[in-house]
Amino acid sequence: GDLKSDTTVNILAGPPASISFVHYDTSPRQFVLLYNNSLMPSPLLVQIKDEFGNPVRLAGVSVTLGRTDPLTFDPPTRQGKTNDLGQVDFGQPVVRAAVCGEYTLVPRGANRKAKSTFYGAQLQIKIQPDPSVPNKVNVNFLSKRQCVAGTTLPDVEVTIVAEDGSVMTDVLPPHIAMGIREESSDDVNLVSPPTVSETKRGHFYFRNVAAPQKATSHSVMVNYINGDMRLVTSMYQVSVLPGSPERLVAVVRPATATVSNHGQAHNRTLVTDLELRVKDKFDNDTCGIGGKVSVRIVAEEAGTPVPSIAAKSRQFALSEGQCRIDSVLIEEGSKGKSGEKYVLRFEVVLEHPGDLRNAKIAPCDVDFLFCDDLQKRKEMAQLTRQRDQLLKTISGRKKEVESVEKLVADGQAKEGERLAQLNQLTRQVT
């Protein structure tokens, strides 16, 4: 008969020459699709193999994962060594990237005993924009970025845009606040929350927001704050313009003069170097207003003789809402009642009234005392100076008290606003 013999041949893997990912496909253009700050779908388990793709069961081989910057892992993937199966498990880390895009992982092995280095196929990762993660705040002014002091700011439309460019529709209004800051100040006035559009989901509006009372450039910004997520827009400049002219005022209030109708010019001088400005109701300087400032003297009681103003002191030029009065004198020998208090009245006469033809600009009144007795005039002048100094001191104290009261009121108002916002946010969340 025939003779047979069976021999078992055990084919062993060769030396390590490549590395593969156990749970991932490394074929060309095959990506692991992830959102930023998300877990890898499976553990990063690698297997060393020989040149024919056979698993190499060899322990102690060093393996590292090279990656494209700025991709990071949490916890970090450090260098590992193969176990008895020839595998290294780098776990299932959270993946982060500074920007969305395509990244690669390249495993690298080092067999110190054989003094050899080998690589594996690239694992391609694509970080996609996440529609649930806020990325920026869009601000749209619905009209020109200017307004009149004390009226309302231009209406503002706000949307929160996700990483994928879509408008987020699950944003809560208390998470959005608008800040208004005067250009020369660090104080920010917060306005929150906005109103929600009834027709366009995810669109918010700041409407009928009170404009600042100071006419100057203001910065407007919008914040989105939700837990650790904070987005701030750039500054938008809004010009707050002065309102309609309401009154003519002295930049520096002159002391109450005591004058006579005779002697040298300084005895008859009512004011010198007086700067007048046309102001709106909030004390802002107005501009673009030209014409004249006429000067006259008014008695407090009808029938009282009124001193006459010197001819050169009866009218002055007004330009851009400003007028400088060099000096105003009464005529020598003009009539007047000794010891009487009079009013020196400065009134605006518009050159081209236009839209301001119906405007009533209150005059600037400056009191003075008339005395035809030289010695008595000196005594009255001394008493007047003392009175003016006392009134100035009282006014300063009054302003200090008003400032303290305003600070207290502002602090209470802001605390009330914060509490109301917190209560509203709590109600909406719960």
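1. Two residues are in contact when they have heavy atoms within 4.5 Å of each other, and this note relies on that meaning throughout. The structure is a predicted model, in which local features need pLDDT of at least 70 and side-chain atom pairs count only at pLDDT 80 or more, while totals for chains, interfaces and linings use all residues. Residues are numbered from 1 along each chain as its sequence is written, and side-chain values use heavy atoms, with hydrogens and water left out.

2. On confidence, pLDDT is the predictor's confidence in each residue, from 0 to 100; its mean for the protein is 88, and 89% of the residues reach 70 or more. Over residues 425-430, however, pLDDT stays under 50, and the model has seven contacts beyond four places in sequence for that stretch. Where pLDDT is low, the predicted coordinates should not be read in detail.

3. Overall, the protein has one helix and 30 strands, where helices (H or I, at least four residues) and strands (E, at least two) are DSSP runs numbered from the N terminus. Of the contacts between residues at least 6 apart in sequence, 68% join residues at least 24 apart. Buried residues make up 37% of the 430 residues; here buried means under 20% relative accessible area, exposed means over 50%, and partly exposed lies in between (1.4 Å probe, protein chains only).

4. Glu331 is found in the loop between β28 (322-329) and β29 (340-350), and it is partly exposed, with a relative accessible area of 32%. Leaving aside neighbours within four places in sequence, Glu331 is in contact with Asn261, Arg268, Ser308, Ile309, Ala310, Ala311 and Arg314. Ser313 lies 18 residues from Glu331 in sequence, and their C-alpha atoms are 9.8 Å apart in space.

5. Asn223, by contrast, lies in strand β20 (residues 217-226) and is buried, with a relative accessible area of 8%. Not counting residues up to four places away in sequence, Asn223 touches His175, Ile176, Ala177, Arg230, Leu231 and Val232.

6. Two strands count as paired if DSSP finds at least two bridges between them, and β3 pairs with strand β9 (residues 94-96) in the antiparallel sense over two bridges. Within this pair, Leu39 stands opposite Val94 in β9. Strands of a sheet pair through backbone hydrogen bonds, either parallel or antiparallel.
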